[in-house]
Every structure is written in C-alpha cells, then in structure tokens.
Amino acid sequence: MQIHFLPDNRTVELSAGESLLTAARRAGVELAAPCNGAGVCGKCLVRVAAGQSAPLGKSRHFAPAGSLLACETTAVSDLTVEIPRKKETGLQIHNHGATIEVELAPAIRKHYDGANTQIFAGAELLGTEAGDTTARVFGAVIDIGTTTLAVGIIDLLTGEEAAGATGLNPQTSYAQDVLGRIHFASGDGGLAILQSAVVAALNALIGEAADAAKIDTAQIYEAVVSGNTCMLQLALGLDPAPLGRHPYAPFFAGNETRPAAGLRIAPFGQIYAPPNIAGHIGADIVSGIVATDLAARRGTTLFVDIGTNGEMVVAQDGKMVGASTAAGPAFEGMNIACGMRAAAGAIERVNIEGENFQLRVIGDAPPVGICGSGLMDLVGELARCGVIDGGGRLGGNRDPNAYAAKILAERGRRVDGKARLTVADAVYLSQKDLRQVQLAKGAIRAGVDLLLKNAGVAAAAVDEVIIAGSFGYHLRAESLLNLGLLPRELAGKISFAGNTSKSGARLFLLNHAERARAAALARAVRAVNLAEDESFQTVFIAAMAFPAARE
Ligand code: FES
C-alpha cells in the first residue's frame, strides 16, 4: 500500500500489519514518538485525510476525535496521512549555569609566522590559515541533554560567550529516555539514525550562534561536548548497548579528544569529551562537580541534576559518592494528557491560595497545556492542600479541609469513570498523570534517600542542596518539598545552579589543566549502582507517596 504524508509530500510503501509510525520513519518524516511506538505517550497523533486505516490491536491510549495514534494504526488501502505541525514557540531552555573562575589557558593557540597562522592544540599542529588570523580564536561548548541541547560559542582570547543557542534533542522523536534510546540504537541502523539526528541539530545550533555572533564556524577550533554517558556515546557513534544491561560496562571513559566527526567547526578542529564516572553517571555530572567546586566545599553538599535522567552526588568535605535513577519523561511534560514542553501557552507556575488557582503561562498566552515545572508546582500544591492523598488519589482524603473540598467540588469530575481535575479551560490533570508524576518524583527521591544512606548521611545533616540542570532551573524549592521529591529536612538549604553541564564544559575549554583535574575528580567519586540495590523497589514505592497536607 502507498502511504502519502502531508505536509511533507512524501510517499512510501507499507506492508500489511506495519504501523503508520514505521511508514513515517521510512519516509524520513518527522513524527514525535517519545515512547517509540509503545502506545503510552499519546504523542504520535496523525489524521487520515483519504483511504482506509485499521487499528493494530487494542488501543492503549486515548486519541482526540478525528486523530489516530500512528503507532497503533495500519492501512487497509492507499492512504493520505496528515501530520499536525504544531510549532512550539518561545521554548524555554536554560543556557547558563553556575561557574568558578579559572585562568585563561586554553588548549587551542595560534602562532603567526609573518605569512601564515598555525593553529595548535597543545603541541599538536591542527592546521594552518593564510595571513594573520590570531585575533579570532573560538571554541564551542555543547551540552547534550536527553531532551534538550545547549550550545555556546566562546572567544578563547577573552573567555566570554559570544553567543549561544538552544533546542530540542531530536532523538526524543525516536525515544524519550535513556533506556529507550539504547533500545532504539540496537535496532537496524538505529545508532546511525540517532547520531546523525543529534549531529545535524548541533550543527544547526552552532550555525545559529555563529550567525548571531558574526563568526565564521571555520574559526571554531575545538568543541567540548558534555552530557550523560549514553548521550555522549550516541553523539560519537559508539554503541550504547552495554549501558542497558548488567554490569553496565564497558562504557566510554571520556577525557579524550577526537577529530571533529561531522561537527560544523574548523575541518581540522577537534572535540574534547570530558570524563564519565560510570555508565550511569556521565560527564555532565563531572562538569557540574567542577563548575560548582563541589569537592572543595566544606560540610555536606547534595548535588542533584534533575531531568529525564536524575543524576546525583553527595560530597562530604570532598569525599564524593554518586548515583543515578531514571526519572522518565513526566518532567518534560511527556506521557501527560495535557503535557507539553516549556513553550508559549504552557502553564509553568501554579499557586493555590484558598480555592483559587494562580497560573503563570509562558508568553502570557492563553493556557493550552502544562510543562514539567508547572506540573511539579501543581501536584506539589495539590498535596499541600490535601486535594490528593498520600497515595496520590484525587479526592482520596476522607476528611479534606474546606478549601480542598471546594476545589474538588468546583474542578473535580469523572470522565470514562476516571477522576480529573480542571486546571484551566483547555487543561486538566488526570489520575493517570498523577501516577506519572509519582513515578518520576519517586525515582529521584529514592535515588536521594539511597545515596544518602550509602554515604552514611542523614538528610538533616546535609548543609546544602544544589539543583542543577536546564529543567531543574525552572523548579521551585517549595514544590520539590511539597512533592516529597526532596526530604522536608532540606528546607531552606536548596539553591539552583542552572545548566552546569554546559558551564563546566566551558571551564575545560578555557583552561586545559582543568581536564586532568576533572579526570582525577571523576575517579574519586564512588559510583553506586542503584539498579543493583535490593532495597531499591521498597524505597521507591515509599518515595512515591506524597507528604501529608500542610495548611
Ligand atoms: S509513539 Fe505512539 S503512543 Fe507513543
């Protein structure tokens, strides 16, 4: 059967029993499928404009009227399929992070011999340019997140960021989380698809930043690429399969330079990949440890990079223990009925005063959905007000306070027998959404509890908590406590450091010696693999509970 896709105007053959998602991928048509066809995310929505389609087995997810899930639909005749192109505007991705000051001593240097300019990385000659080009020496810092990408072009003569750009990691269209990517990469051509997708997106961002700074990308001689171990391996075209199974090794140790590998910088330029700590604790955390000077802090500091993949380190006067847990896509608004990225129209802040909901919407646009930070706020507020009980049930409290009862009476309803809460005209929270939030926050909390236990630290003994990550930057300390994502004992000790994966990468670009220091710090972190901890499941289930209501 012939499947014709609009608006891309592409046609492919589809065999009986194959899904429209398979057809879209075969046609090279972009179609978001964060759950990689598992039928749970509800994001692969299409409209059949002509021809006859049929469901593939039992539908596992609700599709709005007139739409179908491409991963759950096949064709019984030639089809014309429309893919809705909803452009997300005003996407909020945090592009900066806390940092320390370092002496300007980059690996890259130039020498003009009176006729030409040689470009060196340390003692190694990388290339030559005609004339005297010593006044223009640039590098790039790159953070490859599981969901977002951040790029900065740095002037290596001043250390200043000339311009930056951010965007989505297009790999999310194939699989939303790390395990999903490992699985996709193990399929036919999967690794090449994921590598070329992310390199193409990075090149577009490098181009965008270079244009903004009026810089020729050929004068960017080195790129420092930070991210978790899996993201780095995918970007370098290294098979991530061992990261998905015990003993989660070998993994790419990092702390090495490689040729530019298709990146849009000087053709003879190089990539530096910082050290990884373990298969599940990557260079993004090492960058964060260096950027926040974690090892030099006195007392006990908990560092948590909150995102689709939650990575964390506890440092006690320099002694460090690290771990990570898979939080899943709820933090990015995925697998959430009205979930969306942090773009225009997304509810990003929720405050409940009495029975009134105060909403802040990105771009001051009419609310059309809710993003991760809005979701954390909302559920934290509902727990604080007693609208949900400890088990996460909407209206589960037998004796709700007056406000909670009023909120449930005014905003609560049942659809297809399932509880929902209206947040705004076009936005609601379902009981299933609450479960997704419980899974995500439970994973981070379980990680924190077990990490502290492994390090022999009581929560009350923690002096400081640093929340890192582009996503983490948009969160409120009070919401993290109301959700029980962090123990209440940490109240008043929480600060936000932003994108330390990127700000740490900048330090490796500006000062060559920071690389060796980072490698030593990475080796000094005792990595705990929570997937092997027998008590993880029990701790995780307890961590899914919400704290009791607080007036
Ligand atoms: S890819 Fe179809 S529901 Fe997720």
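This is a predicted model: local features need pLDDT of at least 70, side-chain atom pairs count only at pLDDT 80 or more; totals for chains, interfaces and linings use all residues.
**Reading ring pairs and helix contacts**

Me: Okay, now ring pairs. How many aromatic pairs does a search of the whole structure find?

Reply: Four aromatic pairs turn up. In general, you describe a pair of rings by how far apart the centres are and by the angle of the planes. Take Tyr-174 and Phe-184: the centres are 5.0 Å apart and the planes sit at 40 degrees, so this pair is tilted.

Me: Which parts does that pair tie together?

Reply: Tyr-174 is in the loop between β13 (161–168) and α2 (178–185), while Phe-184 is in helix α2 itself, so the pair links parts 10 residues apart in sequence. Phe-184 has 12% relative accessibility, so this residue counts as buried.

Me: And what about the rings of Tyr-221 and Phe-268?

Reply: Planes under 30 degrees apart count as stacked; here they are at 15 degrees, with centres 6.0 Å apart, so Tyr-221 and Phe-268 are stacked. Tyr-221 belongs to strand β14 (residues 220–227) and Phe-268 to the loop between β15 (256–259) and β16 (270–273), so 47 residues of sequence separate the parts that this pair ties together. Tyr-221 is buried, at 0% relative accessible area.

Me: Where do arginines sit over rings?

Reply: One case is Arg-109, over the face of Phe-120 at 4.3 Å from the ring centre. Another is Arg-411, whose charged end is 3.7 Å from the centre of the Phe-357 ring.

Me: Switching to helices: at roughly what angle do α5 and α10 cross?

Reply: The axes of α5 (residues 283–291) and α10 (residues 500–510) come within 7 Å and cross at roughly 75 degrees. By type, the contact of α5 with α10 has five nonpolar, six polar and one charged residue.

Me: Last one: is Thr-148 buried or exposed?

Reply: Thr-148 is in strand β12 (residues 148–155) and is buried, with a relative accessible area of 14%. Setting aside neighbours within four places in sequence, Thr-148 touches Ile-93, Asp-143, Gly-167, Leu-168, Asn-169 and Ser-470.

How values were computed: Residues are numbered from 1 along each chain as its sequence is written. Side-chain values use heavy atoms; hydrogens and water are left out. Rings of Phe, Tyr and Trp (its six-membered ring) pair if their centres lie within 6.5 Å; planes under 30 degrees apart count as stacked, over 60 as edge-to-face and the rest as tilted. Helices (H or I, at least four residues) and strands (E, at least two) are DSSP runs, numbered from the N terminus. Buried means under 20% relative accessible area, exposed over 50%, partly exposed in between (1.4 Å probe, protein chains only). A charge sits over a ring if NZ of Lys or CZ of Arg is within 6 Å of the ring centre and within 35 degrees of the ring normal. Axes are lines fitted to C-alpha atoms, for helices over the stretch in contact, and angles run from 0 to 180 degrees between N-to-C directions. Ala, Val, Leu, Ile, Met, Phe, Trp, Tyr, Cys and Pro count as nonpolar, Asp, Glu, Lys and Arg as charged, and the others, Gly among them, as polar. Contact means heavy atoms within 4.5 Å.
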